[in-house]
Amino acid sequence: MRKNYVGAIDLGTTGARFVLFDREAREVTSAYRELPLSTPRPGWVEQDPELMIRLALEVIREAIARAGIGAGDIAALGITVQRETTLVWDRETGRALHPAIVWQDRRTAPRCDELRRAHAEFIRDRTGLPPDPYFSATKLEWLLTNVPGLAEKAEREEVAFGTVDSWLLFRLCGVHATDPTNASRTMLFDIRRLAWDADLLALFSVPEGILPEVRPSLSEFGTTRGELFGAEIPVTGVLGDQQAALFGQGGLFRGGAKVTWGTGAFLLLNTGGEVLTPSRALLSTVAYTTDKGVAYALEGSVFVAGAAIQWLRDLGLISSAAESEGLARSLPGNEGVYFVPALTGLGAPYWDPYARGTIVGLTRGTTRAHLARAALESIAYQTADIVKAMEAEAGFSLSELRVDGGAARNGFLCQFQADILGIPVVRPEVLETTALGAALAAGASAGIWELADIPELLRVERRFEPRMSQRERERLLAGWRAAVERARGFAKELE
């Protein structure tokens with residue numbers, strides 16, 4: 001019987017989403033639940049692993065019911081997740097042994113300072129990554145050191161380590177596996193050999209027996225247990241969320257690029273089969289793998305983008321993210337107010353875990369509209385910083401920037417981004433591109449689509465053309481750079 005649907009579970013930093021697509025890659029239905037974060041100490045960010053699983057099951061079941069189909073009608077399931085978030089669980093019971101340490105967590109910043117002094121070039125050469133609390137290795141090292149009895153259990157291989165994809169696969173399918181896009185974010189993985197690295201495991205005192213098996217991104221990982229949804233569903237694609245977004249924007253081949261505005265902002269440029277060794281500003285990472293080969297990417301990562309808008313909402317300054325657009329448009333300009341949202345440090349191109357959120361240019365005339373506009377502008381400024389660094393590394397300029405993620409709904413932001421870059425910004429019809437990319441990967445792996453045909457399945461909703469003068473662009477960027485300098489290293493100065 002012909003199965004007409006492909007599903008994608010997108011377990012991100014702020015929520016769990018499941019989307020069903022038809023064979024034309026059009027969304028049929030979806031379901032979503034918000035996933036809360038906890039901050040037990042300054043700089044610490046955690047999540048409940050059991051809640052992750054419960055919400056994933058809820059959204060899958062709700063979407064299947066809403067579509068009026070059965071799980072047996074789904075040909076393939078793709079998984080895409082927040083990357084770097086680190087979990088450990090009991091291999092026998094499947095019970096999590098500690099809250100998930102989220103990618104935003106900065107508790108290992110002092111350890112990363114040591115690594116930068118002693119091992120920075122070695123780590124970057126093997127992994128494509130700089131030593132930073134963002135990645136999984138020091139998080140796992142911290143768990144093995146600080147959770148009583150965990151190191152001993154790990155030595156006996158009674159413990160399983162994984163990123164969120166591995167956690168989902170273990171609980172949904174009973175397999176301990178991952179793919180290279182997620183493995184390449186752990187700082188334990190050799191991106192050229194596509195294998196766990198013995199020297200890195202020794203550096204971080206990680207027993208190899210607790211690591212997941214690494215399988216191609218587009219391959220069959222297993223099937224969901226029949227009792228979960230009433231029928232088994234093959235899981236045939238796994239990608240980190242930003243690699244999934246690149247896939248969903250059609251960036252499958254060398255030169256394809258996109259930025260995703262979600263909790264953070266992430267720009268990826270497909271470099272084909274070549275690993276570029278970038279400067280300290282950017283990362284090299286795996287874009288995706290098949291059983292026939294690998295595609296790599298350059299990446300620039302901003303830790304706080306859409307999360308800056310959520311922060312204003314949580315403070316009560318705006319009622320919803322959507323309100324920020326009207327407030328921003330109510331002003332003729334930013335009137336000298338800049339917000340550097342270094343709420344969890346600064347990522348690319350600064351890599352400063354000691355930077356802190358900073359608002360400059362306040363006067364008695366400053367209103368919440370100024371703060372809303374400054375938060376939206378900060379997303380575009382940070383994106384522009386990465387574009388500049390990426391163009392320098394790649395040796396060519398982008399002719400356009402494809403955008404996706406929740407913040408791409410904001411027309412003010414899209415237009416300001418086009419203005420501050422001086423190139424068109426292209427917004428797709430499907431903004432939840434991470435879920436679309438995971439579905440396309442799963443469908444391609446299952447033989448529903450050919451890789452070469454995927455760009456033809458994608459549809460553009462709007463192009464934003466730049467309208468700002470070069471003089472105004474340079475004035476605004478100069479103000480942004482001055483604000484960033486005031487934010488950098490602030491926490492270090494207080495020690």
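Here is a walk through a predicted model, from a sheet to some salt bridges and a surface patch.

Let's start with the open sheet, where six strands line up as E3-E2-E1-E5-E14-E13 with mixed pairing. Strands E3 (27-34) and E13 (222-223) sit at the edges with a single partner strand each, so one side of each has no neighbour in the sheet. Further in, E1 (residues 5-11) and E5 (residues 74-81) run parallel and are joined by seven bridges, with Leu-11 opposite Val-81 in E5. Helix H9 (residues 241-248) packs on this sheet, touching E5 and E14 (234-240), and its direction makes about 105 degrees with that of E14.

Now for the charges. The model has 37 salt bridges. One of them pairs Glu-50 with Arg-171 at 3.0 Å, N to O. Glu-50 belongs to helix H1 (residues 49-67) and Arg-171 to helix H5 (residues 164-173), so this pair ties together parts 121 residues apart in sequence. Glu-50 is partly exposed at 33% relative accessible area, and Arg-171 is partly exposed at 22%.

Then look at Glu-299 and Arg-83, whose side chains meet at 2.6 Å, N to O, in a salt bridge. Here Glu-299 comes from strand E18 (residues 293-302) and Arg-83 from the loop between E5 and E6 (87-90), 216 residues apart. Both Glu-299 and Arg-83 are buried. Elsewhere, Arg-33, Arg-54, Glu-58, Glu-62 and Arg-66 are linked in a salt-bridge network.

Trp-311 lies in helix H10 (residues 306-314) and counts as partly exposed at 31% relative accessibility.

Definitions and conventions. Residues numbered from 1 in each chain as written. Predicted model: local features only at pLDDT ≥ 70, side-chain atom pairs only at ≥ 80, totals over all residues. Heavy atoms only, no water. Helix = DSSP H or I, 4+ residues; strand = E, 2+ residues; numbered from the N terminus. Buried < 20%, exposed > 50% of the residue type's maximum accessible area, 1.4 Å probe, protein only. Pairing = 2+ DSSP bridges. Contact = heavy atoms within 4.5 Å. Axes fitted to C-alpha atoms, helices over the stretch in contact; angles between N-to-C directions. Salt bridge = Lys/Arg side-chain N within 4 Å of Asp/Glu carboxyl O.
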